[in-house]
Amino acid sequence: MVERNLVNVLLLGGGFMLIFTSFQTLGNIEQTIIDSIKKDLPSFTGDGYTSLAIIYAALSLSNWVTPSVLSAIGPRLAMVIGAITYCLFMASFFVPHVALLYGCSVVLGAGAALIWTGQGMYLSQCSSGDTISRNSGIFWAMLQMSMFFGNLLVFFTFQGKTHIDETTRSIVFAVLIAVGIVGLVFLTCLRRPSTSGDAPVELSHSVEPRQAFLNAIRLFQTPRMILLSITFVYTGLSLSFFSGVYGSSIGFTNAIGTSAKHFVYSSYCGLHVQLLILVVLGIVGTITFCVVEFAVKRERPTLERDYGK
């Protein structure tokens, strides 16, 4: 029988894979889509880059208060609330309005802080010192599949189009929202982590929201976290270019011709074929680790007995 915590990790990875199949695909095409909306609806003045900037600014600020929120509501509810904000943001594109776009961007930024902080807390609760590597590998292998499937959808839907008409936009939005809702359902199915058998683990000792905020401030001031912040900034800049600038830059390149909108997602698919290979290798590595871990546990009594002699 599959252990309960492993099922939780699979549900967690599946939920995030589906939610970010939707959101990361939309993030890649947001500026391209908004440019097409402006041509159909000249009164709409929203900007995709501004929307993404608002999302990540709200995410950064909200991360300071999410420890306090999680101490009050727990990681499972926090992830469900966060997933709902992703679905709301994608639904806002059915009603193009500047205030709605930017308002939902703020809400999504706060929700992203909840879902990611909750994910880290929940994954640690589902893991022990022996299983944390396995569980992390499974989760990230599943998550990294998200952009491959999403961009594959857009690759075929945008084929041969220089202008993304309203019908095409509606189809893409509807599919992405539906996928995101399925991911939300996955997260609602998460159960309490357990130790051996089905006994639920005791969650970390209760921390007052104010104390959780102060703990976050103290953690940020530690030398290791300050050093890590340098790599975090670099990762953020790389992600901003890859997810926000790269795609739309190719899509707006007139020299490519009528295939520009199609070519951008072809490039993404090419990149993600490479990513798919890395994911497969990562899964193989995780399986290998699990096999070795099982073998070591099985032989440990014999080794201890031999060394005892």
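**Reading helix packing, ring pairs and a cavity**

Tutor: In this predicted model, α4 and α5 run roughly antiparallel to each other, because the angle between their directions is over 145 degrees.

Student: At what angle do the axes of α4 and helix α5 cross, and within what distance do they come?

Tutor: The angle compares the directions of two helices, each taken from N to C. For α4 and helix α5 (residues 98-125), the crossing is at roughly 150°, and the axes come within 7 Å. The crossing in which α4 passes α5 is left-handed. The contact of α4 with α5 has 18 nonpolar residues, 7 polar and 1 charged.

Student: How do helix α1 and helix α8 pack?

Tutor: Helix α1 (residues 4-40) packs with helix α8 (residues 166-188) at an angle of about 160°, and their axes are 8 Å apart. That angle makes α1 roughly antiparallel to α8. The crossing of α1 and α8 is left-handed. In the contact of α1 with α8, the residues divide by class into 17 nonpolar, 8 polar and 3 charged.

Student: I would next ask about the aromatic rings. How many aromatic pairs does the count come to?

Tutor: Rings pair if their centres lie within 6.5 Å, and planes over 60 degrees apart count as edge-to-face. By this rule there are 14 aromatic pairs. One of them joins F23 and Y86, whose rings are 5.1 Å apart centre to centre, with 85° between the planes, and the pair is edge-to-face.

Student: Which parts does the pair of F23 and Y86 tie together?

Tutor: F23 belongs to helix α1 and Y86 to helix α4 (residues 75-91), so the pair ties together parts that lie 63 residues apart in sequence.

Student: Finally, how many cavities of 30 Å³ or more does the structure hold, and which residues line the largest cavity?

Tutor: A cavity is a space in which a probe fits but from which it cannot get out. The structure holds 1 cavity of 30 Å³ or more, and about 60 Å³ of space lies in the largest cavity. Its lining consists of I34, I37, F44, S92, F93, P96, H97 and L101.

Student: How does the lining of the largest cavity divide by class?

Tutor: The lining of the largest cavity has 6 nonpolar and 2 polar residues, and no charged residues.

Definitions and conventions:
Residues numbered from 1 in each chain as written. Predicted model: local features only at pLDDT ≥ 70, side-chain atom pairs only at ≥ 80, totals over all residues. Heavy atoms only, no water. 1 Å grid on protein atoms, 1.4 Å probe; cavity = no way out; pocket = protein on both sides within 12 Å on 5 of 7 lines; lining within 4 Å. Points joined across faces, edges and corners; volume = space filled by probe spheres on them. Nonpolar A, V, L, I, M, F, W, Y, C, P; charged D, E, K, R; others polar. Axes fitted to C-alpha atoms, helices over the stretch in contact; angles between N-to-C directions. Helix = DSSP H or I, 4+ residues; strand = E, 2+ residues; numbered from the N terminus. Parallel < 35°, antiparallel > 145°, perpendicular 65-115°, else oblique. Left-handed = near helix turned anticlockwise from the far one by under 90°. Phe/Tyr/Trp six-rings, centres within 6.5 Å; stacked < 30°, edge-to-face > 60°.
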